[in-house]
Amino acid sequence: MPEAPTLVADAIRFDAVGKTFPTRPVPLRAVESVSFTVRRGEFVAILGPSGCGKSTLLMMAAGLEVPSEGRLERGGVELVGPHRQTGVMFQDATLLPWLSVLDNVLFPATIRRIPRAKVLDQAMRLIGTVGLKGFEGARPHELSGGMRQRAAICRALVLDPDLILMDEPFSALDAITRDEMGDVLLDLWQHTQKSAIFVTHSIREAVLLADRVLVMSRRPATVAEELVVPFPRPRAPALADSAEFGAVVAHLRGVIARNMA
Amino acid sequence: MKAALTSALAVLAMLLGWEALVRGKAVSPDLLAPPSAVLEALLRHPDILLDQGLSTARETALGFLLACLFGAALGAALSSAALLRRVAMPWVLALQIVPKMALAPLFVVWLGVGAPCRLAFAVFIAFFPVLIGTTAGLAGTDSGALRLCRVLGAGWWQTVLRVRLPYAVPQLLAGMKTAATMALLGVVIGEFVTAQQGLGYVVMFAASLGETALVLAAITLLCGIGVALYGGVLLLELAFARWYGAPMPAGEFG
């Protein structure tokens with residue numbers, strides 16, 4: 001079906017994307033005909049149980065995995081590999097142990113051969129925003145898990161990408177730090193127009209951060225239900241304590257339970 | 001500081017006890033020369049010992065360097081090519097099972113009794129720990145860091161230089177420490193079988209004359225060479241650890 005021409009291309013578009021891994025003896029069907037769109041500036045959370053194939057979705061969006069079927073478009077153009085304007089965050093911070101926080105944040109610039117001076121201001125600003133001011137020279141092993149993940153956020157954002165992909169970035173953190181990190185992200189997104197896909201199995205995180213939540217089915221992953229989060233921005237972390245927030249969370253929990261049955 | 005002093009005193013006490021045993025005729029000086037006689041032997045032929053010592057030191061250092069280069073290059077090649085690994089690894093492992101000293105006379109047949117024979121044998125004995133350190137180090141690169149490189153579109157060389165190599169160096173250094181002692185061993189065995197020069201030759205020659213003091217004097221110098229080389233690698237490790245700035249992943253080999 002020919003699509004209507006849009007003035008602004010979507011950040012990323014999944015069109016009937018499927019993925020099968022050629023495992024033996026039985027091939028593993030990870031993703032089944034997934035279609036959805038992330039518009040410019042939209043924050044989409046992908047919610048699903050562990051091992052449902054949602055990370056595979058994200059790896060395809062990052063250009064690290066190739067879809068077995070269907071088509072992936074990034075800014076209106078077919079995606080064939082890692083995209084320069086995409087920032088990625090993983091479960092682990094994956095900081096290089098011999099680099100300082102600042103050098104880790106600047107690592108994408110090093111790899112792309114962009115002069116330090118060009119991105120230094122941006123790096124320092126981000127480091128300040130996530131609350132790492134004063135730790136620029138520290139090595140990763142001197143930081144707590146939450147601080148490392150803060151540095152990883154800065155690294156994902158330092159080249160000012162227009163799309164950020166996050167693969168359960170806080171799942172390795174304890175509950176309190178995890179909520180804190182959610183607030184850091186929420187704060188960062190108050191003043192940016194970046195698009196984001198945020199894979200998580202935390203309903204609270206999904207509802208607090210996202211404009212739209214996609215609930216995935218069990219493997220092979222497919223979009224079971226879509227929910228537009230009814231809270232306007234800017235949002236405060238206290239939103240999570242409200243009754244309305246609780247109602248949305250409860251609704252989503254019901255959706256997930258129905259899909260798991 | 002206090003621990004070092006205790007250790008030094010213990011060594012001194014042992015040397016004095018050894019001296020006393022020989023002087024008290026509990027042990028014949030023909031079987032085991034006392035420390036004073038060893039010192040005297042060192043001072044009696046300083047030019048001969050220094051000459052032979054320099055030869056051994058030179059060949060050990062060169063053998064060690066070649067073993068490091070060869071081991072690291074072969075290790076890197078084996079790490080990067082699965083086919084090569086399948087073809088070469090059984091041979092490399094088989095060579096480790098052969099008692100390598102037994103092959104020393106063959107090296108004489110192939111390379112004659114000169115320095116090339118001793119060097120080749122030193123390299124042959126010492127390259128393996130470097131090879132294993134290199135392959136283990138390169139294989140031990142954090143998989144998340146490699147994924148990060150792919151996301152950022154890093155090239156093959158960038159990935160090697162910026163990520164794989166720094167992750168591999170601690171293991172490589174551990175392999176080099178073992179190689180340092182092996183290289184000296186290789187040169188001494190080479191000196192035994194070529195019987196031309198070097199402290200190993202002095203040991204053989206002096207032992208055949210029953211000059212235990214001279215044997216021990218040469219061995220003392222050999223220890224000095226070993227300590228110097230091993231210390232050099234330790235310094236290298238220290239410098240790297242300082243740059244690394246983080247606890248290094250442990251790398252230990254037999």
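In this predicted model, the side chains of A:Arg233 and A:Asp211 come together in a salt bridge, 2.9 Å from N to O. A:Arg233 sits in the loop between strand 10 and helix 8 of chain A, and A:Asp211 in the loop between helix 7 (203–209) and strand 9, so the pair ties together parts that are 22 residues apart in sequence. A:Arg233 is partly exposed, at a relative accessible area of 29%. A:Arg233 also turns up in a backbone feature: a cis peptide bond joins A:Arg233 to A:Pro234, with omega at about -5°. A:Pro234 belongs to the loop between strand 10 and helix 8 (243–260) of chain A.

Other salt bridges come next. Side chains of opposite charge can pair when their charged atoms come close. Over all chains, a search of the whole structure turns up 22 salt bridges. One of them pairs A:Arg74 with A:Asp162, whose closest N and O atoms are 2.7 Å apart. This pair bridges distant parts of the chain, 88 residues apart: A:Arg74 is in strand 4 (residues 69–74) of chain A, while A:Asp162 is in the loop between helix 5 (145–157) and strand 7. A:Arg74 is buried, with a relative accessible area of 5%, whereas A:Asp162 is partly exposed at 29%.

A:Asp103 and A:Arg116 form a further salt bridge, with 2.8 Å between the closest N and O atoms. Here the link runs from helix 2 (residues 101–105), which holds A:Asp103, to helix 4 (residues 116–129), which holds A:Arg116, and the two residues are 13 residues apart. Both ends are partly exposed: A:Asp103 has a relative accessible area of 26% and A:Arg116 one of 44%. Then there is a network of salt bridges linking A:Arg13, A:Asp15, A:Arg71, A:Glu73 and A:Glu78.

As for the backbone, most residues other than glycine have a negative phi, and most peptide bonds are trans. A cis peptide bond joins A:Arg219 and A:Pro220, with omega at about -5°, and A:Pro220 lies in the loop between strand 9 (212–216) and strand 10 (223–228). A:Ala16 has a positive phi, near 50°; A:Ala16 is placed in strand 1 (residues 12–21) and is partly exposed, with a relative accessible area of 33%. A:Glu168 also has a positive phi, near 40°, but this residue is in the loop between strand 7 (163–167) and helix 6 (175–190) and is buried at 7%.

Now to the interface. Chain A and chain B bury about 2,000 Å² between them, 68% of it on carbon and sulfur atoms. On the chain A side, A:Leu64, A:Trp98 and A:Ile111 lose the most area to chain B, together 33% of what that side buries. Helix 3 (residues 107–111) of chain A gives the most to that side, with 4 residues. By class, the side has 12 nonpolar, 3 polar and 4 charged residues. The contact takes 19 residues from chain A and 20 residues from chain B. Between the chains there are 0 salt bridges but 5 residue pairs in polar contact.

In chain B, helix 5 (residues 104–111) has B:Ala104, B:Phe107 and B:Val108 as its buried residues. They cover an arc of only 105° around the axis, which puts them on the same side of the helix. These buried residues pack against helix 6 (115–139) and helix 8 (156–194) of chain B. The face turned away from the buried side carries exposed B:Val109 and B:Trp110. Just after helix 5, B:Gly112 takes a positive phi of about 80°.

Technical notes. Residues numbered from 1 in each chain as written. Chains lettered and ligands numbered in written order. Predicted model: local features only at pLDDT ≥ 70, side-chain atom pairs only at ≥ 80, totals over all residues. Heavy atoms only, no water. Buried < 20%, exposed > 50% of the residue type's maximum accessible area, 1.4 Å probe, protein only. Arc of directions from axis to C-beta. Contact = heavy atoms within 4.5 Å. Buried area = accessible area lost by both parts, 1.4 Å probe. Salt bridge = Lys/Arg side-chain N within 4 Å of Asp/Glu carboxyl O. Polar contact = N/O pair within 3.5 Å; in protein donor to acceptor, adjacent residues only side chain to side chain. Nonpolar A, V, L, I, M, F, W, Y, C, P; charged D, E, K, R; others polar.
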